[in-house]
Amino acid sequence: MTNTGYNFRKYRPFQTLNLTDRTWPNNTITKAPIWCSVDLRDGNQALVEPMTVEQKTRMWNLLVSMGFKEIEVGFPSASQPDYDFVRKIIDDGLVPEDVTIQVLVQAREHLISKTFEALKGAKKAIVHVYNSTSTTQREKVFRLDRQGITDIAVQGAKWVKEYAAKHPDTDWRFQYSPESFTGTEMDFAADVCNAVIEVWQPTPEKPCIINLPATVEVSTPNVFADQIEWMCRHLHHREAVIVSVHTHNDRGTGVAASELGLLAGADRVEGTLFGNGERTGNLDIVTMAMNLYSQGIDSGIDCSNMDDIIQTYKYCNQLEVHPRHPYAGELVFTAFSGSHQDAIRKCLSDQQHESHWNVAYLPIDPSDLGRKYEEVIRINSQSGKGGVTYVMEKDHGYRLPRPLQIHFSQVIQRVSEQTQKEVSPQTIWENFRSSYVEVDAPFSLKEYNIQRDVDKQTDQIKAVIDGEGQKRVLTGTGNGPISAFASAVRKQMGIEFELVDYNEHAIGEGEDTMAVTYMQIRVNGNVCFGVGENPDIVMASLIALLHAVNNAVKAGWVTPISEGQSA
Ligand SMILES: CC(=O)SCCNC(=O)CCNC(=O)[C@H](O)C(C)(C)COP(=O)(O)OP(=O)(O)OC[C@H]1O[C@@H](n2cnc3c(N)ncnc32)[C@H](O)[C@@H]1OP(=O)(O)O
Ligand SMILES: CC(C)C(=O)C(=O)O
Ligand SMILES: [Mg+2]
């Protein structure tokens with residue numbers, strides 16, 4: 001039943017910006033931005049249970065190891081764990097020389113004072129002060145006009161500057177965010193930021209950061225890009241200002257908005273691993289970094305141990321990573337569908353001849369992220385011959401000829417339809433063996449002997465076969481061992497068949513090398529397959545032929561005669 005409150009008329013469209021001379025659509029991203037992880041602050045403040053100091057330390061170590069050079073470590077004036085954590089990384093010397101810690105604070109003096117107390121002894125730090133500037137917040141929350149909101153920002157900027165001056169041993173940098181920027185009129189956003197910039201008087205040598213947040217994502221990313229381009233044009237001392245974007249994901253386009261923000265002139269992005277953060281989350285830095293990586297750009301962020309990153313993320317945030325999460329999810333490199341598997345298998349086998357990664361359906365090489373190729377192709381009822389063939393070759397070294405690929409994939413298709421489940425590589429292997437390799441009934445080959453007549457170019461075979469309670473000695477002649485054996489089977493066992501296809505290859509190495517042979521026969525219009533393996537290639541071929549014959553007998557397509565009967 002429809003919920004009567006469900007009414008789109010309750011909402012109005014987002015405001016766009018009339019920026020007709022926008023330049024960002026013509027730009028491309030050619031280098032990584034300055035990254036700032038806000039996992040320990042924005043991510044943390046959105047958790048059901050905020051991180052303990054121990055969890056924060058684990059997350060910190062991960063972020064440092066991944067290569068982040070700017071890390072917002074908390075809101076130390078807000079809570080004891082945040083304060084204690086900041087003290088811990090400073091007192092225990094856990095901050096590498098090339099990493100700058102950042103902390104967030106409201107534009108309120110007692111909180112700023114506490115923040116500087118928390119940072120005592122830091123070699124360098126970014127103090128990030130914010131206040132809300134949007135129309136809604138001005139009217140409903142702060143009940144102040146534009147001037148009143150500007151005064152809060154300017155006062156906050158002054159306090160930050162004054163407290164910094166009292167602690168000259170630290171190399172300070174300042175950051176300001178007009179919180180709820182995307183809900184703010186652009187002229188006012190620029191005015192507030194410029195007022196703050198004028199207080200700080202940044203220089204190119206000592207720039208400040210103006211961070212423009214989509215605190216709530218309210219528009220399509222192109223509108224956000226217009227806003228960023230407009231701000232970049234209107235900020236004072238642009239050469240001394242690092243423009244940063246901080247996107248959230250309310251409309252599901254947090255990554256797109258940050259990427260377009262870079263096209264529009266931003267220098268820096270704030271975000272979190274896998275996008276953990278308020279409501280629908282922040283910009284997902286893993287995705288954005290991997291998007292760059294997959295374009296041949298050094299992202300500066302090391303995601304090569306993706307499973308370790310996920311483990312730490314889960315432990316610290318008590319959250320899961322969705323199986324479809326870009327680059328990281330358990331299923332994102334997996335193809336179940338037949339045509340995808342076929343294309344992947346063909347591209348992978350040709351990849352060695354390519355100068356760059358060129359594999360259909362796989363935007364990057366899964367092994368770059370520590371993922372195994374076993375995860376790439378998995379088999380269910382949507383899979384065709386490509387997937388089964390891939391598993392047989394990748395896991396076991398069996399290069400099935402095309403007709404057998406088609407036949408065997410139908411065997412596996414039936415298994416998956418019956419079980420209505422994914423078919424594991426182990427089940428594929430067991431079915432392969434029971435269908436073609438371990439088919440020693442009703443007949444099995446015990447021994448054989450070949451005599452070659454060099455003049456006539458023929459082979460005469462004598463083969464001993466067990467089956468149906470008797471031992472038979474078959475003899476036959478042909479232009480090779482297989483045709484000699486085939487002739488003996490036809491004549492002495494009364495099994496009429498046509499040899500359709502024969503393939504073989506070696507498997508294993510050195511003393512363990514085995515011949516694998518694939519035999520396809522036609523019996524009364526029906527196709528049967530057999531596979532033989534043996535160190536001796538002739539033996540392997542004869543076994544394969546007998547396995548194909550056994551399959552025909554088992555299917556009831558032919559009835560062998562007993563010894564003594566004539567064919
Ligand atoms: C978009 C973001 O992610 S912003 C970051 C949000 N993160 C957090 O809030 C997490 C940590 N925060 C906290 O624990 C608390 O907010 C504290 C401890 C910092 C402050 O708590 P409180 O003193 O109770 O204040 P609270 O945050 O509720 O703010 C209420 C008051 O501060 C004012 N205020 C809120 N934000 C700001 C700001 N950025 N600058 C100046 N004043 C502010 C409000 O107008 C309100 O004033 P009023 O009491 O006169 O009506
Ligand atoms: C504090 C600011 C930057 C923030 O997290 C937001 O606006 O989303
Ligand atoms: Mg935020």
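A residue is near a molecule or strand if its C-beta atom, placed from the backbone, lies within 6 Å of it. The model described here is predicted, and local features need pLDDT of at least 70, side-chain atom pairs count only at pLDDT 80 or more, while totals for chains, interfaces and linings use all residues. Residues are numbered from 1 along each chain as its sequence is written, and chains are lettered from A and ligands numbered from 1 in the order in which they are written.

**Ligand 1**
- Among the 16 residues around ligand 1, those that come nearest are F75, A78, Q106, A107 and N131.
- Two or more residues of this shell come from α1 (39–45) and from β4 (124–132), where helices (H or I, at least four residues) and strands (E, at least two) are DSSP runs numbered from the N terminus.
- The shell around ligand 1 has seven nonpolar, five polar and four charged residues, with Ala, Val, Leu, Ile, Met, Phe, Trp, Tyr, Cys and Pro counted as nonpolar, Asp, Glu, Lys and Arg as charged, and the others, Gly among them, as polar.

**Ligand 2**
- Around ligand 2 lie D42, L104, Y130, S177, E179, N211, P213, T215, H246 and H248, and by class this shell has three nonpolar, five polar and two charged residues.
- At least two residues of the shell around ligand 2 are supplied by each of β5 (171–179) and β6 (208–214).

**Helices α12 and α13**
- In α12, G338, Q341, D342 and R345 meet G386, G387, T389 and Y390 of α13, contact being C-beta atoms, placed from the backbone, within 7 Å.
- By class, this contact has one nonpolar, five polar and two charged residues.

Definitions and conventions
Contact = placed C-beta atoms within 7 Å.
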